[in-house]
Amino acid sequence: MLEKVFDLFNGFIGLGGAAMMFIVLTLLSLLFGVKLGKSIEGGFRMAIALTGMSAIISLLSSSFSPALQSFVESTGIQLKITDLGWAPLAVITWGSIYTLYFATICISLNLIYLYLKITNTLNVDLFNIWNVSIIGLLVSYYSHSFLLTSIFVLLIYTAMLLNADAMKPTLNKVLDFDDNNITTTAHPSFLIAPVLMVINKIIDFCLPFIDKYDFDADTLNEKIGFWGSKFAIGGYLGVFIGILGKENLTDIFILAFTGGVALELFSIVGGWFGPAIEPLSGGVQAFMAKSLRGRKLYIGIDWPIVASRSELWAVANILAPILLFIAIVLPGNKVMPLGGF
């Protein structure tokens, strides 16, 4: 029986993140009283938004990776082990029955926390449970304790939910969400946010003059026009990566144009997440007003809601050659961090 349940759940996960979110968001909307047509519309919008983000990321990766790999080959650096990124790891992790167990206890914990008002976030991003699962599998391997592993996974998941609550006001400000928007993210990558907040406070105290300068891409665009636009920033990055990889002039142009279109598309596709969540948002608000005296409930989805900010991709592409440099100079390292690009 357990094996059949696992096979069924594994088949659901095998549909991929976009299909999962389509099904989950549609069913959640129906659960909160949204009409069938609107529920399907919201789920479909979310699926195409996630698919769009994935397509743009793939475009950047497939375009920029060969140039960086050419740089490694031209320098004669021997990095024999290739890191292909998160995708293969996610597939392997979801192949473990432990992931089903971790998903079950995490979802149960989320519902308990909502009932006890410990969190206001309902995390529907089921696919990325694999991030928590891989940590749990590593803890289990080293601790040989199933109880300790379970406690550790639940602590990580608790931190993710509380962090999603704490980040909501900042997300509203950064993404121009209104006060009625219920979208947030509990993705584990954002657990670095509290650390960055402390670093930001230190910078405010030690280097207060930095706050006088706004490096926001939209503000730069207003001040200097084309030179600060999203597609110009993408162009700069393409030229930089092309020169680093010793590409010819034709390929450098292609990289520049690819970077420009990618950063523009991130902004456009990022705007699809708001309309996607609106049907569910309306249903949740009506339910909360009627049943829970207007209590606020947030819906946690995948990290690409922040991908509309061009600064994210500018920093990511600046860090790519830095990561490559670290891989080259790190003593004893044989890993080519291709997945990080």
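Hi everyone, let's start in helix α3, residues 36-75, where Glu41 and Lys38 sit three residues apart, so about one helical turn separates them. Helices here are DSSP runs of H or I with at least four residues, numbered from the N terminus.

A quick word on the model: it is predicted, with local features needing pLDDT of at least 70 and side-chain atom pairs counting only at pLDDT 80 or more, while totals for chains, interfaces and linings use all residues. Residues are numbered from 1 along each chain as its sequence is written, and side-chain values use heavy atoms, with hydrogens and water left out.

Now, which residue pairs with Lys38 in a salt bridge? That partner is Glu41, and their closest N and O atoms are 3.7 Å apart. By salt bridge I mean a side-chain nitrogen of Lys or Arg within 4 Å of a carboxyl oxygen of Asp or Glu.

Searching the whole structure turns up two salt bridges. Arg45 also forms one with Glu41, at 3.1 Å between the closest N and O atoms. Arg45 and Glu41 are four residues apart in helix α3, about one turn. Through shared partners, the salt bridges link Lys38, Glu41 and Arg45 into one network.

And how accessible are these residues? Glu41 is partly exposed at 31% relative accessible area, Lys38 is partly exposed at 47%, and Arg45 is partly exposed at 35%. Partly exposed lies between buried, under 20%, and exposed, over 50%, using a 1.4 Å probe and protein chains only.

Methods: Helices (H or I, at least four residues) and strands (E, at least two) are DSSP runs, numbered from the N terminus.
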